[in-house]
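Keep the selection tool at hand.

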Amino acid sequence: LANAEILDSFKNLISTSNEVQPLGVAVGKKEIEQNGIHVEKRRFSILQFVGQGGVIGKLIIVNGLIVLFIGFRHIVKLRKFRRLLKNQCELKNLIFAEYYAQNETDYDNQRKELLLSKILHKQTTILKGNLDYIKFIATISPMMGLLGTVSGLIVTFQAINLTGSNDSTFVAAGISQALTTTILGLVVAAPSLFLFTFLSNQVKTIEENLEQIAFDLLINKNDE
């Protein structure tokens, strides 16, 4: 905001309202009274809380939704692989079909090992997919939250400096809004990191099982 816009917005703040103010902050608590009798106290909804975070807060929420989408796809994929591991026939036909289709006279042990390595590498790539995006979002979300906090504090202190007001209500309201993005960033980052760790461990377990099956196939072929 330009200095003039900040000044105009700050002057229009209503300290008794819980509505979003021109500066983008919510000040005080709004109570509804009828005939001098207290009836209701309005509170922030989740959407209002997210709205306080501005553009950066909304981007953080979008990152969270992306994590949910990627995580759901990986969970479905890993379930299919676990079912395959329990069914050896399907496993041979779908994953190791290329190995079983080889001509024994054309493949020595070294070429068999290379073929199995190629198959395992391909399956590892499929298993991991875009899992690293979850880790990236878990890393970047707190930084985005910090960026929103810093930018919000700058706007708040600029407004206070231009008006010369030392009213703690305005200061507290501005800081409250600025810290909203930090909260959103941590709320997205912590579950994202947990999900990444969980899925990575599942992928590693399946990889080890596939490697063991590949090793057994190679030993059995040699014995034959």
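Is Ile60 buried or exposed? Select Ile60 and see: Ile60 is buried, with a relative accessible area of 0%. Buried means under 20% relative accessible area, exposed over 50%, and partly exposed in between, with a 1.4 Å probe and protein chains only.

Before moving on, two notes. This is a predicted model, where local features need pLDDT of at least 70, side-chain atom pairs count only at pLDDT 80 or more, and totals for chains, interfaces and linings use all residues. Residues are numbered from 1 along each chain as its sequence is written, and side-chain values use heavy atoms, leaving out hydrogens and water.

**Stop 1: the whole chain.** Color by secondary structure. The protein chain has eight helices and two strands. Their order along the sequence is α-β-β-α-α-α-α-α-α-α. Helices (H or I, at least four residues) and strands (E, at least two) are DSSP runs, numbered from the N terminus. Of the 224 residues, 34% count as buried.

**Stop 2: around Ile60.** Ile60 lies in helix 3. Show its contacts, meaning heavy atoms within 4.5 Å. Not counting residues up to four places away in sequence, Ile60 touches Ser141, Met144, Gly145, Thr181, Leu184, Gly185 and Val188. Now pick Ile140: Ile60 and Ile140 are 80 residues apart in sequence, yet 9.1 Å apart in space, C-alpha to C-alpha.

**Stop 3: Thr149.** Select Thr149 in helix 7 (residues 132–163). Thr149 is buried too, with a relative accessible area of 6%. Leaving aside neighbours within four places in sequence, Thr149 is in contact with Ala178, Leu179, Thr181 and Thr182.

**Stop 4: a pocket.** Select Ile61, Gly64, Leu65, Val67, Leu68, Val187, Val188, Pro191, Ser192 and Leu195, which line the second largest pocket. Helix 3 and helix 8 (168–223) each give two or more residues to this lining. The space inside is about 190 Å³. A pocket is an open set of points on a 1 Å grid over the protein atoms alone, where a 1.4 Å probe fits, with protein on both sides within 12 Å along at least five of seven lines; lining residues have an atom within 4 Å of a point. A volume is the space filled by probe spheres set on the points, which are joined across faces, edges and corners.
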